[in-house]
Amino acid sequence: MKTALVLSAGGMYGAYQAGAWRTLSDVFRPDLVVGASIGAVNAWAIAGGCAPDSLIDRWLNLKEAARYRWQAPKHWTGGVLDSAPLLSTIEEIHSSYQPKIECAMIATDLLRLHPRIFRGEEITWRHLAASTAIVGIFEQVRIDGILYSDGGLLSALPVWAAAELGAARVLAVNALPEAPGTVARTFVRAMRLLSGFKAVVPDSLEVLTVTPRRLLGSPAESIYWRRENAERWIAQGEEDARAIVAALESWDNARDISLTNCFERE
């Protein structure tokens, strides 16, 4: 029974996922890790064996994301912020890890307005960059002639992708229960209406979700890194994850019973 860890979009709120993973990693070993947007970057690191404390250390020292410069976009695919600091960080993370377990990420085909799943060795640092390329904020990324955008644009939490990849159980860490701010919510709603894409999740899929009770911060805080925000969100992720540990342990018990019965039949 394949289990998946699914990580949502969320920009700087991705620190919440790092905190949640530090708690969850003690009791949960996924067969598959799936992420969208910043969740794709965290997923790559986790699938590549990045220790929970090391992932947290990265989030506490993400100074590159505090120094974005404003710019006038040169093209409609450009963004109002210079994405060079973000791209440098993503390239370094990609080169530091290679998946030890199955890994997948989502990017959005911008012209077709449809999400696409990328898996394993086909994921380059440019794919991770594309998944984090928020429309209008950062420059969109062209790969093999196709323009790709934010992987969370049409579905912030890609549980549907884990189901397509064969997961029967999903542990989801959703740092973005809603888009931050009225402008972002209106834009995302319009894109989803234009797309027509529907995230289909089978009724048989078991899903446990760790998510904050309310939006973690302001729109600006979701873009610009601040150490005090990262510290607060990491701590909240740890606390919220502890609330579902008992349910995760029952999953493991059920798996052990299932395997025992299988061996007995043989």
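Which helices each supply at least two residues of the lining of the largest cavity? In this predicted model, helix H2 (38-47), helix H3 (52-60) and helix H4 (84-96) each do so.

## The largest cavity

Sorted by class, the lining of the largest cavity comprises nine nonpolar residues, three polar residues and one charged residue.

## The second largest cavity

The second largest cavity has a volume of about 110 Å³. Its lining consists of Gly11, Met12, Ser37, Ile38, Tyr68, Leu86, Thr132, Ile134, Phe138, Ser222 and Ile223, and by class these divide into seven nonpolar and four polar residues, with no charged residue among them.

Val207 belongs to strand S8, which covers residues 206-210. With a relative accessible area of 37%, Val207 counts as partly exposed, because that value falls between the 20% below which a residue is buried and the 50% above which a residue is exposed.

When residues up to four places away in sequence are left out, Val207 touches Val159 and Val170. Val207 and Val159 are 48 residues apart along the chain, and their C-alpha atoms are separated by 8.4 Å.

Notes. Residues are numbered from 1 along each chain as its sequence is written. This is a predicted model: local features need pLDDT of at least 70, side-chain atom pairs count only at pLDDT 80 or more; totals for chains, interfaces and linings use all residues. Side-chain values use heavy atoms; hydrogens and water are left out. Helices (H or I, at least four residues) and strands (E, at least two) are DSSP runs, numbered from the N terminus. Buried means under 20% relative accessible area, exposed over 50%, partly exposed in between (1.4 Å probe, protein chains only). Contact means heavy atoms within 4.5 Å. Ala, Val, Leu, Ile, Met, Phe, Trp, Tyr, Cys and Pro count as nonpolar, Asp, Glu, Lys and Arg as charged, and the others, Gly among them, as polar. On a 1 Å grid over the protein atoms alone, a cavity is a set of points where a 1.4 Å probe fits but cannot get out, and a pocket is an open set with protein on both sides within 12 Å along at least five of seven lines; lining residues have an atom within 4 Å of a point. Grid points are joined across faces, edges and corners, and a volume is the space filled by probe spheres set on the points.
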